[in-house]
Amino acid sequence: MSGEPTPGYAAAGRSEGSAVPDEAGPSEAPLAAESETYELTVNGRALSVQSAWIGESLLHVLRERLGLPGSKNACEQGECGSCSVLLDDALVCACCVLAADAVGSAITTVEGLGADGPTDVQRAFLETGAVQCGFCTPGLIVTIHDLLDRDAEPSDLAIQEALAGNLCRCTGYGRILEAVHRVRAERAGQAAR
């Protein structure tokens, strides 16, 4: 080995005048991440995010920086739905959204849905036994609120399609579907009055 730096290594991720010599290996010279401060509107409140890395996911910021643990961290790939939140009234997986991209948007988490006590969806989950281990429950509740707010009387197929993005390892979804049917019937009864 000649002691020469690997070709291209000195330029990778470094700018002119770097304080770290080109000969230093990757473990010796971690690149410093720039930190940012920004504001997110979560559940109707303006919350400041201090000293954040610009590449942090919305899920990470909600849970770790803002203390809102309702959205769960499972797959981190947008496949399980356990981190579902509403971003400007659109259902998204918070693990797939950069927190900095949510600046200026209205974010609603499961905590924001039941600010005045349990919602009808949350009560139905408890009454039907749809809550098993509970890990997927917050994402399912946000998803069902989104569905029923968009379509007051969804068909069984529409319900199943809406829930297709939420994985539950404990159930066969029977009790979850029963909870959705119960809320749909309750809301229809209230609308008829």
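Which strands does helix α1 lie across? Hi everyone, let's start there. In this predicted model, helix α1, residues 58-65, lies across β1, β2, β3 and β5. Its direction runs at about 105° to β2.

Now let's look at the sheet itself. The sheet is open and has five strands, in the order β2-β1-β5-β3-β4, with mixed pairing. If that word "pairing" is new to you, strands of a sheet pair through backbone hydrogen bonds, either parallel or antiparallel. Here β2 and β4 stand at the edges with a single partner strand each, so one side of each has no neighbour in the sheet. On average, neighbouring strands of this sheet are turned by 40° against each other, direction ignored.

With strand β2, residues 45-53, strand β1, residues 35-42, pairs in the antiparallel sense over seven bridges. Find Y38 on your screen, and you will see V49 of β2 standing opposite. Two residues sit between the strands of this hairpin, and N43 takes a positive phi near 55° there. With strand β5, residues 106-108, β1 pairs in the parallel sense over two bridges. In that pair, T41 stands opposite A106 of β5.

At what angle do α3 and α4 pack? Helix α3, residues 120-128, and helix α4, residues 137-150, pack at about 125°, and their axes are 9 Å apart. The two helices are therefore oblique to each other, and their crossing is right-handed.

Let's name the residues that meet there. From α3 we have D120, V121, Q122 and F125. From α4 come T137, L140, I141, I144, H145 and L148. Sorted by class, this contact has six nonpolar, three polar and one charged residues.

Is H145 buried or exposed? H145 has a relative accessible area of 6%, so this residue is buried. Leaving aside neighbours within four places in sequence, H145 is in contact with L113, T119, D120, V121 and R187.

Definitions and conventions. Residues are numbered from 1 along each chain as its sequence is written. This is a predicted model: local features need pLDDT of at least 70, side-chain atom pairs count only at pLDDT 80 or more; totals for chains, interfaces and linings use all residues. Side-chain values use heavy atoms; hydrogens and water are left out. Axes are lines fitted to C-alpha atoms, for helices over the stretch in contact, and angles run from 0 to 180 degrees between N-to-C directions. Helices (H or I, at least four residues) and strands (E, at least two) are DSSP runs, numbered from the N terminus. Angles under 35 degrees count as roughly parallel, over 145 as roughly antiparallel, 65 to 115 as roughly perpendicular and the rest as oblique. A crossing is left-handed if the near helix is turned anticlockwise from the far one by less than a right angle, and right-handed if clockwise. Contact means heavy atoms within 4.5 Å. Ala, Val, Leu, Ile, Met, Phe, Trp, Tyr, Cys and Pro count as nonpolar, Asp, Glu, Lys and Arg as charged, and the others, Gly among them, as polar. Two strands pair if DSSP finds at least two bridges between them. Buried means under 20% relative accessible area, exposed over 50%, partly exposed in between (1.4 Å probe, protein chains only).
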